[in-house]
Each structure stands twice: as C-alpha cells, then as structure tokens.
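Reader: I should like to learn how to read a structural model step by step. Please take each feature in turn, with the general idea before the particular case.

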Amino acid sequence: MKLAVVISLAAVTTLTSAPLFAYDADWKRGRIYYRSICTSCHVAAPIGQINPSTRVKAEWAAYFQADKHAKGKETVKQYVSKDYRAKIKSGNKAAEKFADVPEQELLEDVKLFLQRGAKDGEAPASCN
Ligand code: HEC
C-alpha cells in the first residue's frame with residue numbers, strides 16, 4: 001500500500017515538472033488576430049498599419065521577448081488577454097470569436113504569424 005502511494009506521488013511529480021506549456025501554434029489564427037485586433041487599433045491610432053514584413057524575424061522575436069508596446073508604455077501581451085478581448089468584443093468580431101481562447105495560445109499564434117510574415121520569413125505579409 002505504502003509503495004503504491006510513493007509511486008503515485010512520484011508520477012504526479014513527474015507530470016507537474018513537464019513543460020508547463022506545450023502548444024502547437026496556429027499562424028492562421030494569429031493572422032486573423034493580428035489583422036483584426038492589433039491592426040484595427042493601429043489604423044485608428046496615429047501609427048497606421050504595421051506590416052509584419054517591415055521587420056525581420058529576429059526583430060519580432062526580440063519585440064515579444066521585451067514585451068514593451070508603444071515605446072515601453074505598456075506590455076504587448078495585454079492585447080491578447082481575455083480582459084482586452086472582453087472589453088472590445090461588442091465592436092470586434094474576432095475578439096468575440098476568440099473570447100474564451102487562452103491568452104497564451106493567442107500570443108503564440110500571433111508570434112508565429114509574425115515570424116512567418118517577417119521580411120525574411122516564409123511568407124512576408126502585410127496587414128491586409
Ligand atoms: C489599443 C490600440 C492598440 C492595440 C490593440 C495594439 N496596438 Fe500596437 N500600437 C498602438 C499604438 C498607439 C502604437 C504607437 C505607439 C507610439 O508610437 O507611441 C503601437 C505600436 C506598435 C508597434 C511599434 C513599436 C512600438 O511598440 O511602439 C508594434 C510592433 C505593435 N504596436 C504591435 C502590436 C501587436 C502585435 C498588437 C496585438 C497583439 C498590438 N500592437 C495591439 C496601439 C495598439
């Protein structure tokens with residue numbers, strides 16, 4: 001009996017020490033998110049559209065690593081958060097559609113789309 005308890009505890013420990021987040025990112029969903037949510041604000045804001053192909057892959061990777069949006073005033077991540085989606089979903093179809101998707105997944109999706117769409121990516125992309 002005791003041995004069984006030890007073994008099951010060991011199993012739990014092994015499971016919980018596995019990578020916390022294993023997710024196969026979906027660049028197509030990232031593209032929808034970037035175009036419908038990130039870009040819709042950029043075009044309304046003075047900055048205008050930011051085409052993925054204006055930066056190389058390493059620049060996008062560093063951008064998300066630093067996680068500083070709008071010259072460091074805030075994080076990039078907040079814009080994939082459920083809170084942000086909830087705030088805009090009445091006027092934004094994509095935000096409504098993705099309302100319940102975990103933010104970590106959407107973050108990975110957007111990152112992958114920007115890697116793909118970078119100047120030196122597989123498929124350099126614009127915002128539209
Ligand atoms: C609520 C509006 C809004 C949303 C949503 C938004 N942005 Fe921005 N973004 C801005 C504004 C405004 C600037 C320009 C800031 C400046 O120049 O002071 C900006 C600038 C940027 C820049 C240029 C570098 C920088 O940070 O200044 C990048 C890259 C960027 N945004 C990426 C994103 C990504 C990726 C998303 C979606 C996950 C996103 N933005 C969502 C408003 C937004």
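Reader: In what order do the elements of the protein chain run from the N terminus on?

Author: This is a predicted model. From the N terminus on, the elements run α-α-α-α-α-α. The protein chain has 6 helices and 0 strands.

Reader: What percentage of the residues of the protein chain count as buried?

Author: Of its 128 residues, 21% count as buried. Contacts give a further view of the fold: among those between residues at least 6 apart in sequence, 69% join residues at least 24 apart.

Reader: How does one read the length of a helix, and what span should the 18 residues of helix 2 have?

Author: One compares the distance between the end C-alpha atoms with an expected span. At 1.5 Å a residue, helix 2 should span 26 Å, and its end C-alpha atoms lie 24 Å apart, which agrees. Helix 6, residues 103–117, has 15 residues and reaches 21 Å from its first C-alpha to its last, close to the 21 Å expected.

Reader: Where is the kink in helix 2 centred?

Author: The kink, of about 35°, is centred on Cys38. Cys38 is also among the buried residues of helix 2, which include Trp27, Tyr33, Tyr34 and Ile37.

Reader: How should one read the pattern of buried positions along a helix?

Author: An α-helix has 3.6 residues a turn, so residues three or four places apart point the same way. In helix 6, the buried residues include Leu106, Leu107, Val110, Phe113, Leu114 and Gly117. Charged residues are also on that list, including Glu108, Asp109 and Lys111.

Reader: Which helices do the buried residues of helix 6 pack against?

Author: They pack against helix 2 (27–44) and helix 3 (57–66). The buried residues of helix 2, in turn, pack against helix 5 and helix 6.

Reader: Which residues in the largest nonpolar core touch the most other members?

Author: The general idea is that, in soluble globular proteins, nonpolar side chains tend to be buried together. Here the largest nonpolar core has 15 residues, of which Tyr33, Tyr34, Leu106, Val110, Phe113 and Leu114 touch the most other members. Helix 2 and helix 6 are the elements that give two or more residues to this core. As for Leu106, leaving aside residues up to four places away in sequence, Leu106 touches Tyr33, Val80, Phe98 and Val101.

Reader: How many residues are around the ligand, and which come nearest?

Author: There are 15 residues around the ligand, and Cys38, Cys41, Ala45, Ala70 and Tyr79 come nearest. Helix 2 supplies the largest share of this shell, 4 residues.

Definitions and conventions. Residues numbered from 1 in each chain as written. Predicted model: local features only at pLDDT ≥ 70, side-chain atom pairs only at ≥ 80, totals over all residues. Expected span 1.5 Å × (residues − 1). Buried ≥ 20, exposed ≤ 12 C-beta atoms within 10 Å, placed from the backbone. Contact = placed C-beta atoms within 7 Å. Near = placed C-beta within 6 Å. Core = buried A, V, L, I, M, F, W, Y, C linked by C-beta atoms within 7 Å. Bend = angle between axes of the 7 residues up to and from the residue.
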